[in-house]
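Welcome! Let us take a short tour of this structure, one topic at a time.

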Amino acid sequence: MNTMNPSIAAKANMQDQGAEIPVPADRPEDTIIEEGRTVGKPFVDDPKFKLRNVSVSYGSDRAIKDISLDIGRNEVISFIGPSGCGKSTFLRCLNRMNDSIDICRVEGQLLLDDEDVYHSKRDVVELRARVGMVFQKPNPFPKSIYDNVAYGPRIHGLANRKSDLDEIVENSLRKAGLWEEAKDRLDSVATGMSGGQQQRLCIARAIAVSPEVILMDEPCSALDPIATAKVEELISEMSESYTIVIVTHSMQQAARVSRRTAYFHLGHLVEVNETDKVFTSPEHQLTESYITGRFG
Ligand SMILES: Nc1ncnc2c1ncn2[C@@H]1O[C@H](COP(=O)(O)OP(=O)(O)OP(=O)(O)O)[C@@H](O)[C@H]1O
């Protein structure tokens, strides 16, 4: 569990709750971003993802500008930053979710275990099984709870017998902290569950195909505080087995769940550091301005 400097924490808390925070006079000389330069510790010893000089454009608009970053094996890393700064765009490059957007162009080197994510011969279905995704809004299929979790293992041929599939479904629901609530209603339609249960079901669905990485794009933004706490607890438990990348608008959440935090600004990766460091003594003026509520 990470801690924030109390004054920064208080301001971050106010900002998370939408309160207005006094804006100090601008110091533009401290807020210059040098393209391609990230302060702090963007690189690690044992990267799962090695991302180098990544730029992403939608048509002629560059949404991601020359970002280099490692994502460590079994690390939880948070992406934070003002709306529209490119967090989701960058996240979605990691399992090629942007492929379906015709005008989106990705440049640079993206390696997963030293293999090119964007190689022309890369099997994207297999990639997305290894790098699963949980979205902002829970999106279970209009099928039973069982069939939601069994869907991936079935299409990937992970279970030959019904008993194997049953085991995968049970284990995935257990890991997602949902087994006790779901075991007596596996045949009920998933859309009848509460929002928090549906989101944990989506996590179980991602886990069922044995991913190595789980990408989470604001996974708690549609959940109440109790459901949020359960998902955060789950993230902490899952970090033993998976690499987790989480986009969040809640700085408190980033502080609670992640080992490193990455601060994005206008398509640049401004700072990456140990989460404690980002929230107690950020190195870049822009990071400090953001976490103390000067903009958001
Ligand atoms: N499908 C798209 N087509 C064109 N432009 C897009 C598309 N998706 C995102 N963008 C643009 O790319 C930029 C980055 O958007 P992105 O959604 O990645 O930011 P974000 O930091 O995740 O924002 P938010 O916190 O509001 O979700 C924005 O200017 C956005 O308008």
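## An open sheet

Four strands make up an open sheet in the order 3-2-5-6, with antiparallel pairing. Strands here are DSSP runs of E with at least two residues, helices are runs of H or I with at least four, and both are numbered from the N terminus; two strands pair if DSSP finds at least two bridges between them. Strand 3 (61-72) and strand 6 (115-116) are at the edges with a single partner strand each, so one side of each has no neighbour in the sheet.

Strand 2 (residues 47-58) and strand 5 (residues 104-112) pair over eight bridges in the antiparallel sense. Across this pairing, Arg52 stands opposite Gln109 in strand 5.

## About the model

This is a predicted model: local features need pLDDT of at least 70, side-chain atom pairs count only at pLDDT 80 or more, and totals for chains, interfaces and linings use all residues. Residues are numbered from 1 along each chain as its sequence is written.

## Helix 8 and its two sides

Which residues of helix 8 are buried? They are Thr228, Val231, Leu234, Ile235 and Met238, where buried means 20 or more other C-beta atoms, placed from the backbone, within 10 Å of the residue's own, and exposed means 12 or fewer. Seen down the axis of helix 8, these residues fall within an arc of 120 degrees, so they line one face of the helix; the arc is taken from the directions from the helix axis to the C-beta atoms.

The face turned away from the buried side of helix 8 carries exposed Pro225 and Ile226.
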